[in-house]
Amino acid sequence: MHIVEYCVSNLAHGTDETFRKLAEHPDVEVMEYGCLDRCSDCYLFPYALVNGEMVTAETPESLYANILETIRRHEADRAALDKLLDDL
């Protein structure tokens, strides 16, 4: 399960559709917060936290793509770690 967290104030960038689409993924839990204490980032551009890692973009559409890419990278990292542990 991947956790995507966002600040409700970031919806001003038009990210509501981004988070709605992410919520449809069975392996993604989307969590809305009143504030994530990243106000300067939140004011400047669309962003979210993916498993605690900050992901940013210039548009809501590119944020969606960047989040999915981050999730794929996390899954690849996890698979590599699992293989390494299995080989021990």
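1. Pairing and basis. Two strands pair if DSSP finds at least two bridges between them. Strands here are DSSP runs of E with at least two residues, helices are runs of H or I with at least four, and both are numbered from the N terminus. The model is predicted: local features need pLDDT of at least 70, side-chain atom pairs count only at pLDDT 80 or more, and totals for chains, interfaces and linings use all residues. Residues are numbered from 1 along each chain as its sequence is written, and side-chain values use heavy atoms, with hydrogens and water left out.

2. Overall layout. The protein has three helices and four strands. Read from the N terminus, the order of elements is β-α-β-α-β-β-α. The C-alpha atoms fill a box of roughly 50 × 25 × 20 Å along the principal axes. Contact means heavy atoms within 4.5 Å. Of the contacts between residues at least 6 apart in sequence, 62% join residues at least 24 apart.

3. The sheet. Four strands make an open sheet, ordered β2-β1-β3-β4, with mixed pairing. The edges are β2 (28-33) and β4, each of which pairs on one side only. From one strand to the next the twist averages 30°. Angles run from 0 to 180 degrees between N-to-C directions, and axes are lines fitted to C-alpha atoms, for helices over the stretch in contact.

4. Helices on the sheet. α1 packs on the sheet and touches β1, β2 and β3. The direction of α1 makes about 145° with that of β2. α3 lies across β1, β2, β3 and β4. Against β4, α3 runs at about 145°.

5. Strand pairing around β3. In general, strands of a sheet pair through backbone hydrogen bonds, either parallel or antiparallel. β1 and β3 run antiparallel and are joined by two bridges. V4 has V50 as its bridge partner in β3. β3 also pairs with β4 (residues 53-56), again in the antiparallel sense, over four bridges. There, Y47 has T56 as its bridge partner in β4. The hairpin of β3 and β4 has two residues between the strands, and N51 takes a positive phi near 50°.

6. Burial. Buried means under 20% relative accessible area, exposed over 50%, and partly exposed in between (1.4 Å probe, protein chains only). Of the 88 residues, 32% count as buried. β3 is covered on both faces: Y47 and L49 are buried on one side, A48 and V50 on the other.

7. Main core. A nonpolar core is a set of buried Ala, Val, Leu, Ile, Met, Phe, Trp, Tyr and Cys residues joined through side-chain atoms within 4.5 Å. The largest such core has 14 residues. Those with the most contacts inside it are V4, F19, L22, V50, L63 and I67. β1 (2-7), α1 (16-23), β3 (47-50) and α3 (60-87) each supply at least two of its residues. The largest share, five residues, comes from α3.

8. Not counting residues up to four places away in sequence, V4 touches F19, L22, V28, E29, V30, M31, A48, L49, V50 and I67.

9. Rings. Rings of Phe, Tyr and Trp (its six-membered ring) pair if their centres lie within 6.5 Å; planes under 30 degrees apart count as stacked, over 60 as edge-to-face and the rest as tilted. The count by this rule is one aromatic pair. The ring centres of Y6 and F19 are 3.9 Å apart and their planes lie at 5°, so this pair is stacked. Y6 is in β1 and F19 in α1, so the pair ties together parts 13 residues apart in sequence. Both residues, Y6 and F19, are buried.

10. Charge over a ring. The rule asks for NZ of Lys or CZ of Arg within 6 Å of the ring centre and within 35 degrees of the ring normal. K21 lies over the face of Y64, 4.1 Å from the ring centre.

11. Two loop residues. N10 sits in the loop between β1 and α1. Its relative accessibility is 0%, so N10 counts as buried. Leaving aside neighbours within four places in sequence, N10 contacts T15, C42, F45, P46 and Y47. C35 is in the loop between β2 and α2 (39-44). C35 has a relative accessible area of 38% and is partly exposed. C35 and Y64 lie 29 residues apart in sequence and 20 Å apart in space, C-alpha to C-alpha.
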